[in-house]
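Let's take a quick tour of a protein model together. Have the structure open while you read, and look for each spot as it comes up.

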Amino acid sequence: MRAIKTILLSLMLSLICKAVYSQSIASPQMAFDSLTVELGQLSRSDSRRKVVFCFRNTGDAPLIIESIESSCGCTKVTYPKHAIKSGKSGKIEVKYDGSGNLAGKFISKVRVFNNSPFKSIVLRIRGELIDD
């Protein structure tokens with residue numbers, strides 16, 4: 001009986017310590033105004049567009065964008081290379097150029113790898129390329 005009480009007490013103490021520890025770890029959170037931008041119909045010869053995705057660090061630790069991957073060569077991405085402090089904002093600029101692509105609907109994805117608990121977020125640019 002005494003052994004069971006000791007085990008239960010140890011288990012309860014470890015759970016309490018884990019709960020307290022997990023609440024005390026500071027972490028960044030990346031919150032975007034929008035994850036998808038709709039460009040509508042674009043002429044292939046005039047398809048260059050710049051899209052800006054605005055975000056805010058709603059967490060309580062500095063946010064770092066570690067890297068970015070694009071789903072195609074039709075997008076060029078610029079992003080902050082410095083840490084975004086808690087409560088501060090930043091922007092990711094995506095330049096889209098569909099002039100080399102075939103006509104039709106498209107979705108271009110940009111994956112943002114960061115140091116938040118979620119590790120990555122996918123941004124999307126959608127539209128339709130039409131022939132001139």
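Start with T75, which you'll find in strand β5, residues 75–78. Keep in mind that this is a predicted model.

- Is T75 buried or exposed? T75 counts as buried, because its relative accessibility is 5% and the cut-off for buried is under 20%.
- The side chain of T75 reaches over to the backbone oxygen of C72, at 3.3 Å.
- If you skip its neighbours within four places in sequence, T75 is in contact with S70, V94, K95, Y96 and S108.
- One of those contacts, S70, belongs to strand β4, which covers residues 65–70. Another, S108, sits in strand β7, which covers residues 104–114.

**The whole chain**
- Of the 132 residues in the protein chain, 29% are buried.
- Take the contacts with a separation of 6 or more: 67% of them link residues 24 or more positions apart.
- The chain's accessible surface is about 8700 Å², and carbon and sulfur atoms account for 57% of that.

**How β7 pairs up**
- β7 and β4 pair in the antiparallel sense, with five bridges between them.
- Which residue in β7 is the bridge partner of S67? That's F113.
- β7 also runs antiparallel to strand β8, residues 120–130, and ten bridges join these two.
- Pick out V110 and you'll find that its bridge partner in β8 is L123.
- While you're looking at strands, here's a general point: in a regular strand, side chains alternate between the two faces of the sheet.

**The turn between β7 and β8**
- β7 and β8 form a hairpin with five residues between the strands.
- In this hairpin, K119 takes a positive phi near 70°.
- S116 lies in the loop between β7 and β8.
- Why does S116 count as buried? Because its relative accessibility is 2%, and buried means under 20%.
- The side chain of S116 makes a polar contact with the side chain of N114, at 2.5 Å.
- Not counting residues up to four places away in sequence, S116 touches P28 and Q29.

Note on methods. Residues numbered from 1 in each chain as written. Predicted model: local features only at pLDDT ≥ 70, side-chain atom pairs only at ≥ 80, totals over all residues. Heavy atoms only, no water. Pairing = 2+ DSSP bridges. Helix = DSSP H or I, 4+ residues; strand = E, 2+ residues; numbered from the N terminus. Buried < 20%, exposed > 50% of the residue type's maximum accessible area, 1.4 Å probe, protein only. Contact = heavy atoms within 4.5 Å. Areas by Shrake-Rupley, 256 points an atom, 1.4 Å probe, with all protein chains shown as cover. Polar contact = N/O pair within 3.5 Å; in protein donor to acceptor, adjacent residues only side chain to side chain.
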